[in-house]
Amino acid sequence: MVVYSFYIFDRHAECIYKKKWTSRPTSTGSKASQLSGLPNDAPHPKALSAEDDAKLVFGTIFSLRNMVRKLGGQDDNFISYRTGHYKLHYYETPTSLKFVMVTDTKTNNLRIVLHQIYVSLYVEYVVKNPLSPIEHPGGVGVDCEMFELGVEQFVVCFPGHTIRNGSPS
């Protein structure tokens, strides 16, 4: 399993935590240029900033979650989706926190893993921390060293985890 990134969004659609291990693979070559409408020698658009990437991820899960609920009813849940290059896993808590992990396409469903991160790490190190704010206004994110170390260890120690480009992924 290769983990590309991990995000937590609060109930106000603010990204309160983001961690990237490696970049998601992008398609290259003439087929990608044809699809984007750019010639092969044309400069490609810049990579997204971290904030824009988080907004894009939130917009995607918001749209897909709403589509699933409209098509399947209120009892159906959006769990994950897969493209040709990555798989996005989603878990929403009863308090409307949204945990999102982007992995390679071969990874099985990580809903239980995201729930474990919520219960074992977020609740223990962020919610129960008296110095951590209850709300995160204006994009003030989770600033807890124990939580960050816990997430790092959780991902690195996960079965099937691999290292890419010399950094944990």
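Biologist: What distance does helix α4 reach from its first C-alpha to its last?

Modeller: The model is a predicted one. In it, α4 spans residues 145-156, which makes 12 residues. At 1.5 Å a residue the expected reach is 16 Å, and the reach from first C-alpha to last is close to that, at 16 Å.

Biologist: Which strands do the buried residues of α2 pack against?

Modeller: Helix α2 has 23 residues and reaches 33 Å from first C-alpha to last, close to the 33 Å expected. Its buried residues are Asp53, Ala54, Val57, Phe58, Ile61 and Arg65. These pack against β1, β2, β4 (87-92) and β5.

Biologist: Which residue follows α2, and what is its phi near?

Modeller: Helix α2 covers residues 50-72. The residue that follows α2 has a positive phi, near 100°, and is Gly73.

Biologist: Asp53 and Lys20 meet in a salt bridge; how many residues apart are they?

Modeller: Side chains of opposite charge can pair when their charged atoms come close. For Asp53 and Lys20 the N to O distance is 3.4 Å. The pair links distant parts of the chain, with Asp53 in helix α2 and Lys20 in strand β2 (residues 15-20), and the two are apart by 33 residues.

Biologist: Is Asp53 buried or exposed?

Modeller: The cut-off for a buried residue is a relative accessible area under 20%. Lys20, its salt-bridge partner, is partly exposed at 48%. With a relative accessible area of 3%, Asp53 is buried.

Biologist: What is the N to O distance in the salt bridge of Lys128 and Glu124?

Modeller: At 54% relative accessibility Lys128 counts as exposed, whereas Glu124 is partly exposed at 39%. Their side chains meet in a salt bridge, and its N to O distance is 3.0 Å.

Biologist: Which residues do salt bridges that share partners join into one network?

Modeller: The structure holds 5 salt bridges, including the one in which the side chains of Lys98 and Glu92 meet at 3.7 Å, N to O. Lys98 counts as buried, at 6% relative accessibility. Through shared partners, one network joins Arg65, Glu92 and Lys98.

Biologist: How many disulfides does a search of the whole structure find?

Modeller: A disulfide would need a pair of cysteine sulfur atoms within 2.5 Å. Cys15 is buried, with a relative accessible area of 15%, and Cys144 is buried at 10%. The number of disulfides found in the whole structure is 0.

Biologist: Leaving aside neighbours within four places in sequence, which residues is Asn109 in contact with?

Modeller: Asn109 lies in the loop between β5 and α3 and is partly exposed, with a relative accessible area of 42%. Asn109 and Ile79 are 30 residues apart in sequence, and their C-alpha atoms are 7.9 Å apart in space. Once neighbours within four places are left aside, the contacts of Asn109 are Ile79, Lys87 and His89.

Biologist: Of the contacts with a separation of 6 or more, what percentage do residues 24 or more positions apart account for?

Modeller: The protein has 169 residues, of which 36% count as buried. Of its accessible surface of about 10300 Å², 55% belongs to carbon and sulfur atoms. Among contacts with a separation of 6 or more, the part from residues 24 or more positions apart is 51%.

Key:
Residues numbered from 1 in each chain as written. Predicted model: local features only at pLDDT ≥ 70, side-chain atom pairs only at ≥ 80, totals over all residues. Heavy atoms only, no water. Buried < 20%, exposed > 50% of the residue type's maximum accessible area, 1.4 Å probe, protein only. Contact = heavy atoms within 4.5 Å. Areas by Shrake-Rupley, 256 points an atom, 1.4 Å probe, with all protein chains shown as cover. Salt bridge = Lys/Arg side-chain N within 4 Å of Asp/Glu carboxyl O. Helix = DSSP H or I, 4+ residues; strand = E, 2+ residues; numbered from the N terminus. Expected span 1.5 Å × (residues − 1).
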